[in-house]
Amino acid sequence: MLAITTNHYLILSFALFSIGLFGVAARRNMITVLMSIELILNSVNLNLIAFSYQLSDLTGQIFAIFTITVAAGEAAVGLGILIALFRLKESTQLDKATELKG
Amino acid sequence: MDALVTNGPAILFYVFAALAVVSALGVVTMRNPMYGAIALLTSFLSVAVLFLLRNAEFLAIVQIFVYGGGIMVLFLFVIMLINLHRLPELKKFGAHTPLVALLVVLMIGVFGWFFLQAQFGPGLAQPDVFDHVDGAKLGNPQAVAWSLYTRHLLPFEIASVFLLIAMVGAVVLGRRQ
């Protein structure tokens, strides 16, 4: 019988985290950047669940609920900023927003 | 057939883990954000199945409701609202993409090395557990609710205030001048 251990979950979660991190840093479209942030937060939840199962301790699941809460708030505010940027620039490209460049 | 049943959880894990990784790659590489959003939905649903395989039934449902329902609708709504078809994206990736790729590979190397050094398997020392789950007596949603409304009541209330602030902030940011 094949057993799935915590290590399997950790490797999967790390893969998702790396993909998300690459998306956040490399993509120019702000919508894709926000979606990559969601990927990262989701991979963290996977970690918490895996350890919650291994230690048979519910705290990991409780923490994951709060992570989902923060992800929801972050998506709402991020998309609000996206709409504001689109009104200002007629574009969602992040490298068009250069007001803070000296 | 017998092997399929005994190895069922492992097969499910590998299928949905592969699906999650492939669709995550789709999110990062798709040119059209609409396709990216659908790939993101696939990734969320696969991760929900992986939650189920670790006995986190309540979180699997929350994952489908909040990510698959709420956040996904928000993304699709905004993508349709700003009508990206008028805006051809010339280049998907920024100018510094090779550097970013190098840093991510470096991070994978460093963390992978620490991962190989550390013992996360059954050898991990059992800490002093609280909120112990007795799966036989209490279902997972009941156990989570019990913990959330007793031990973690203050963070729970703070989360509701946080959501209110986020909602007001989103409305203020999205308002016309």
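These legends accompany close-up views of a predicted two-chain model. Local features need pLDDT of at least 70 and side-chain atom pairs pLDDT 80 or more, while totals for chains, interfaces and linings use all residues. Residues are numbered from 1 along each chain as its sequence is written, chains are lettered from A, and side-chain values use heavy atoms, without hydrogens or water.

**View 1. The largest nonpolar core.** This core has 60 residues, and L46(A), F51(B) and L59(B) touch the most other members. A nonpolar core here joins buried Ala, Val, Leu, Ile, Met, Phe, Trp, Tyr and Cys through side-chain atoms within 4.5 Å; buried means under 20% relative accessible area, exposed over 50%, partly exposed in between (1.4 Å probe, protein chains only). The largest share, twelve residues, comes from α3(A); helices are DSSP runs (H or I, at least four residues), numbered from the N terminus.

**View 2. Around F51(B).** Beyond its neighbours within four places in sequence, F51(B) is in contact (heavy atoms within 4.5 Å) with residues including N45(A), L46(A), I49(A) and L59(B).

**View 3. Helix α1(A).** Buried residues of α1(A) include Y9(A), L16(A) and F22(A). They pack against α2 of chain A and against α2, α3 and α5 of chain B.

**View 4. Aromatic pairs.** Over all chains there are six aromatic pairs, with ring centres (six-membered ring for Trp) within 6.5 Å and planes under 30 degrees apart called stacked, over 60 edge-to-face, the rest tilted. W113(B) and F114(B) pair edge-to-face at 5.3 Å and 75°, and both are exposed. Y149(B) and F156(B) are also edge-to-face, at 5.0 Å and 65°; F156(B) counts as partly exposed because its relative accessibility is 26%.

How values were computed: Helix = DSSP H or I, 4+ residues; strand = E, 2+ residues; numbered from the N terminus.
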